[in-house]
Amino acid sequence: MSSRSPVESRGQNDPVAEHFRRSCETLSRAANDPDLRAEIHAIADTITAAFRAGHKLLIAGNGGSAADAQHIAGEFLSRLNFDRNPLPAIALTTDSSVLTAIGNDYGFDRTFERQVRGLGQPGDVFIAISTSGRSPNVIAALQAARETGLTTIGFTGSGANGLIQPLCDHCLAAPTEETPLIQQIHIVAAHAICGLVEGSLFPRAK
């Protein structure tokens, strides 16, 4: 009988190790992409300017992207790196009564669009998260945001089919077509954006 553990016996075929390798490779591609880094800085500058002017941030997505929307809102409203005043960010994914009312009365495709029209004001910023770039309710919300005068930001993947980019003032496309890896890039980028924003708005003495 072999004394090797199940993990050791898998060797280079271990799917856990392979997932981590692909994750590291994707993160490395993102870190070394000057255009992607420039987009992250531009998004942070856009959000910073909106907060300075008294505006707010709205965020929406489906499934794992809904969880990311809530995660991002939490970082802005609470804190990321240090204690500071809260920043106005709203995830449009959290109110079950609103979501089911809109879904029941108008259809699922309008769950975010109705909220953008009701809560958004000119000068606000809307982050639309869709790994595929073609989620109908996210696209509808982006169209509503542009009509309402919001600045629009898209988080998507490299395989997005062109529906989301024309509706965005800024679009962050993760350098992969694998949904789990796209989501990893999105939350890493969101942390970088939040860090830049809070550093700009709440500079600390060194």
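Trainee: Start with helices H4 and H8. Is their crossing left-handed or right-handed?
Mentor: Keep in mind that this is a predicted model. In it, H4 and H8 cross each other, and the crossing is right-handed.

Trainee: Which residues of H4 make the contact with H8?
Mentor: Look at both sides. H8 brings Gln183, His186, Ile187, Ala190, His191, Cys194 and Val197. Facing them from H4 are Gly64, Ser65, Asp68, His71, Ile72, Glu75 and Phe76.

Trainee: How many charged residues does the contact of H4 with H8 have?
Mentor: Sort the contact by class. Six residues are nonpolar and six are polar. The charged ones number two.

Trainee: Are H4 and H8 roughly parallel or roughly antiparallel?
Mentor: H4 covers residues 64–77 and H8 covers residues 179–201. Their axes lie 10 Å apart, at an angle of about 15°. Angles under 35 degrees count as roughly parallel. So H4, relative to H8, is roughly parallel.

Trainee: H2 also packs on H8. What word describes H2 relative to H8?
Mentor: Here the axes are again 10 Å apart, but the angle is about 50°. Roughly parallel needs an angle under 35 degrees, and roughly perpendicular needs 65 to 115. Therefore H2, relative to H8, is oblique.

Trainee: Which residues of H8 make the contact with H2?
Mentor: The crossing of H2 and H8 is right-handed. H2 supplies His19, Arg22, Ser23, Thr26, Leu27 and Ala30. On the H8 side, the contact residues are Leu181, Gln184, Ile185 and Val188.

Trainee: How many nonpolar residues does the contact of H2 with H8 have?
Mentor: Count by class again. There is one charged residue, and there are four polar ones. The nonpolar residues number five.

Trainee: Now the loops. Is Thr131 buried or exposed?
Mentor: Thr131 sits in the loop between strand S3 (125–129) and helix H7 (136–148). Its relative accessible area is 18%. Under 20% is the cut-off, so Thr131 is buried.

Trainee: Which residues does Thr131 touch, leaving out those up to four places away in sequence?
Mentor: Thr131 and Gly61 are 70 residues apart along the chain, yet their C-alpha atoms are separated by 9.0 Å. Now list the contacts. Thr131 touches Ser65, Thr156, Gly157, Thr179, Ile182, Gln183 and His186.

Trainee: How far is the backbone nitrogen of Val16 from a polar atom of the Asp14 side chain?
Mentor: Asp14 lies in the loop between helix H1 (6–10) and helix H2 (15–31). Asp14 is buried, with a relative accessible area of 10%. From a polar atom of the Asp14 side chain to the backbone nitrogen of Val16, the distance is 3.0 Å.

Trainee: What phi does Gly107 take?
Mentor: Walk along helix H5, residues 96–106. At its start, a side-chain oxygen of Asp95 comes to within 3.1 Å of the backbone nitrogen of Ser97. Just after H5 comes Gly107, with a positive phi of about 105°.

Trainee: Step back to the chain. In what order do its elements run?
Mentor: The chain has eight helices and five strands. Read from the N terminus on. The order is α-α-α-β-α-β-α-α-β-α-β-β-α.

Trainee: What percentage of the chain's contacts with a separation of 6 or more comes from residues 24 or more positions apart?
Mentor: The chain has 206 residues, and 43% of them count as buried. Its C-alpha atoms fill a box of roughly 70 × 50 × 30 Å. For the contacts you ask about, residues 24 or more positions apart account for 69%.

Terms used:
Residues are numbered from 1 along each chain as its sequence is written. This is a predicted model: local features need pLDDT of at least 70, side-chain atom pairs count only at pLDDT 80 or more; totals for chains, interfaces and linings use all residues. Side-chain values use heavy atoms; hydrogens and water are left out. Axes are lines fitted to C-alpha atoms, for helices over the stretch in contact, and angles run from 0 to 180 degrees between N-to-C directions. Helices (H or I, at least four residues) and strands (E, at least two) are DSSP runs, numbered from the N terminus. Angles under 35 degrees count as roughly parallel, over 145 as roughly antiparallel, 65 to 115 as roughly perpendicular and the rest as oblique. A crossing is left-handed if the near helix is turned anticlockwise from the far one by less than a right angle, and right-handed if clockwise. Contact means heavy atoms within 4.5 Å. Ala, Val, Leu, Ile, Met, Phe, Trp, Tyr, Cys and Pro count as nonpolar, Asp, Glu, Lys and Arg as charged, and the others, Gly among them, as polar. Buried means under 20% relative accessible area, exposed over 50%, partly exposed in between (1.4 Å probe, protein chains only). A polar contact is a pair of N or O atoms within 3.5 Å; within protein, one must be able to donate a hydrogen and the other to accept it, and residues adjacent in sequence count only if both atoms are side-chain atoms.
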